[in-house]
Amino acid sequence: MPGRRLTKADRQQIAAGLAQRLSYADIARRLNRPASTVSREVARNGGPARYRAELAQLATTHRARRRPQPPASVQRTTEHLGPDPNATATFVTDLTTALVETGLPRTAARVMACLFASDTGSRTAIEMAQDLQVSAATISHTVRLLERQNLIRRGRDDGGRRHRYFLDDKAGLRTVAVSVAANQRFAATALRGAELFGDETAAGSRLALAGRFLERLGDDLIRSAEKHWRDLVGDRGEESTLTCHAE
């Protein structure tokens, strides 16, 4: 059944499929799983050339043993958000990790994860400081960062004086820009290095290739993200153009 954990037998089938040079989609059909499940499993355990079912099973068992429980602060933050508080807290922790991997600082990722999982999509600064167990200064710095990236917006409680921070309607789209911006900063730096060392040198050639590749990839990702967003939201996505540049 899709959604269950991969078993040792599943991993052996994945290894056999890779040995037969099957695509992830073909292997996934054999397992009745999404192709993304297979691709993540292979990427997490050495890639197609190095994937071994036994080692992948051992690594998964080891990760499960050392996986920390969601902090009490996360459990308090999410206990009212879903029918299963433990599952919701685990989801918020996983989403935080995924957002960190896009380039967001950890505290900013924790704020975004909590907002995504909230019914209202909003929290006050005081609520965030209490839920995340960080100082008011940390929250102040974090929300300024997220506002600059247009991931959240500031408002006020109905009839109140306290600021409330709302998840931006296009936050899903803008997370792409955050991730691409990190790559474009690397690309810009690499291209400066190529000029410094010169294209005729090994270092310069290596840097130039990496810089040009990431520069073009970033442009393609932004265009693709905007197109898919407009396809999903229709007329509401007409003004969804993103600007993404290396700082």
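This is a predicted model: local features need pLDDT of at least 70, side-chain atom pairs count only at pLDDT 80 or more; totals for chains, interfaces and linings use all residues.
**Charged pairs**

Side chains of opposite charge can pair when their charged atoms come close. Arg 29 takes part in such a pairing: it forms a salt bridge with Asp 26, with the closest N and O atoms 2.2 Å apart. Both residues sit in helix α2, 3 residues apart, which is about one turn of the helix. Asp 26 has a relative accessible area of 30%, so it is partly exposed, falling between the cut-offs of 20% and 50%.

| Pair | N to O distance |
|---|---|
| Arg 29 and Asp 26 | 2.2 Å |
| Arg 33 and Asp 10 | 3.5 Å |
| Asp 131 and Arg 123 | 2.0 Å |

Arg 33 and Asp 10 are both buried.

Are Asp 131 and Arg 123 buried or exposed? Asp 131 is buried because its relative accessibility is 11%, under the 20% cut-off. Arg 123 is buried too, with a relative accessible area of 11%.

Salt bridges can also join into a network, and here one links Arg 11, Glu 41 and Arg 44.

**Nonpolar cores**

Now for the nonpolar side chains. In soluble globular proteins, such side chains tend to be buried together. The largest nonpolar core in this model has 23 residues. Those with the most contacts inside this core are Leu 99, Leu 104, Val 111, Met 112, Ile 139, Leu 146 and Ile 152. Two or more residues come from each of α6 (85-101), α7 (106-117), α8 (125-132), α9 (136-148) and β3 (163-167). Helix α7 gives the largest share, 8 residues.

Setting aside neighbours within four places in sequence, Ile 139 is in contact with Val 111, Ala 125, Met 128, Ala 129, Leu 132 and Val 134.

There is also a second, separate core, made up of 10 residues. Leu 6, Ile 14, Leu 18 and Leu 31 are among them.

Note on methods. Residues are numbered from 1 along each chain as its sequence is written. Side-chain values use heavy atoms; hydrogens and water are left out. A salt bridge is a side-chain nitrogen of Lys or Arg within 4 Å of a carboxyl oxygen of Asp or Glu. Buried means under 20% relative accessible area, exposed over 50%, partly exposed in between (1.4 Å probe, protein chains only). Helices (H or I, at least four residues) and strands (E, at least two) are DSSP runs, numbered from the N terminus. A nonpolar core is a set of buried Ala, Val, Leu, Ile, Met, Phe, Trp, Tyr and Cys residues joined through side-chain atoms within 4.5 Å. Contact means heavy atoms within 4.5 Å.
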